[in-house]
Amino acid sequence: MEDSLDVRELMIENLAMIPGVVVSGVSESENDALTQLDMKSYDILIVDIQLKKGNGINLLRQLSERRTADLVKIICSNNSTEVFRRVGRQYGVDHFFDKTSEFPQLFDLVRDLSSANYEYQENP
């Protein structure tokens, strides 16, 4: 979930280059994101705090009340203050990245998660 079209396209392009990663949903709003998450199963959720309608923190709060223990939750946002990091942890966020300076780390993490998942499926 990302509110900037340019940033979203950059993220999708880079994520799609990672072997084993399929970008299977994007949303500009909190409600649409919840609808998509209810309709399909996802392994990783990347959320921005600011959305065009609603916000990522409310989305994460609602997800914390649901069955998302197996979902890796990541915040990637310009709003990288300690307050947002703490609230993110409170709602089950596993990782927090500042999108102005930590895009490479985000993609490295997704690559590592994808590799680990692939290896697990190959060698149960």
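Analyst: Happy to! A helix here is a DSSP run of H or I with at least four residues, and numbering starts from the N terminus. Val110 lies in one such run, helix H5. Please keep in mind that this is a predicted model.

User: What makes up the protein chain, element by element?

Analyst: The chain has five helices and three strands. Read from the N terminus, their order is α-α-β-α-β-α-β-α.

User: Why is Val110 called buried?

Analyst: The cut-off for buried is under 20% relative accessible area. Val110 has 2% relative accessibility, so the label applies. Beyond its neighbours within four places in sequence, Val110 is in contact with Leu15, Ile18, Val21, Ile44 and Ile46. Ile18 is 92 residues away from Val110 along the chain, yet their C-alpha atoms are separated by 8.0 Å.

User: And what makes Lys99 count as buried, and where is it found?

Analyst: Lys99 has a relative accessibility of 10%, and buried means under 20%, so this lysine qualifies. Lys99 sits in the loop between strand S3 (95–98) and helix H5 (103–122). Its side chain also makes a polar contact of 2.7 Å with the side chain of Asp48.

User: Which aromatic rings pair up, and why is the pair called stacked?

Analyst: The whole structure holds one aromatic pair. It is formed by Phe103 and Phe107, whose ring centres are 5.6 Å apart and whose planes meet at 25 degrees. Centres within 6.5 Å make a pair and planes under 30 degrees apart make it stacked, so both conditions hold. The two residues belong to helix H5, four residues apart, which is about one turn of the helix. Phe103 and Phe107 are both buried.

User: How do you describe the way H2 and H3 pack?

Analyst: Two packed helices are described by the angle between their axes and the distance between the axes. For H2 (residues 30–39) and H3 (residues 56–64), the axes come within 9 Å and cross at roughly 35 degrees. The crossing is right-handed. Glu30, Ala33, Leu34 and Leu37 of H2 make the contact with Asn58, Leu59, Gln62 and Leu63 of H3. By class, these are five nonpolar, two polar and one charged residues.

User: Is Leu34 buried or exposed, and how do you know?

Analyst: Leu34 is buried: its relative accessible area is 7%, against a limit of under 20%. This residue of helix H2 touches Leu59, Gln62, Leu63 and Arg66, leaving aside neighbours within four places in sequence.

User: Which residues of H3 are buried, and what covers them?

Analyst: Gly56, Ile57, Leu59, Leu60, Gln62 and Leu63 are the buried ones in H3. Their cover includes H2, strand S1 (44–47), strand S2 (72–77) and helix H4 (82–90). At the N-terminal end, H3 is capped by Asn55, which has a side-chain oxygen 2.9 Å from the backbone nitrogen of Ile57.

Notes. Residues numbered from 1 in each chain as written. Predicted model: local features only at pLDDT ≥ 70, side-chain atom pairs only at ≥ 80, totals over all residues. Heavy atoms only, no water. Axes fitted to C-alpha atoms, helices over the stretch in contact; angles between N-to-C directions. Left-handed = near helix turned anticlockwise from the far one by under 90°. Contact = heavy atoms within 4.5 Å. Nonpolar A, V, L, I, M, F, W, Y, C, P; charged D, E, K, R; others polar. Buried < 20%, exposed > 50% of the residue type's maximum accessible area, 1.4 Å probe, protein only. Polar contact = N/O pair within 3.5 Å; in protein donor to acceptor, adjacent residues only side chain to side chain. Phe/Tyr/Trp six-rings, centres within 6.5 Å; stacked < 30°, edge-to-face > 60°.
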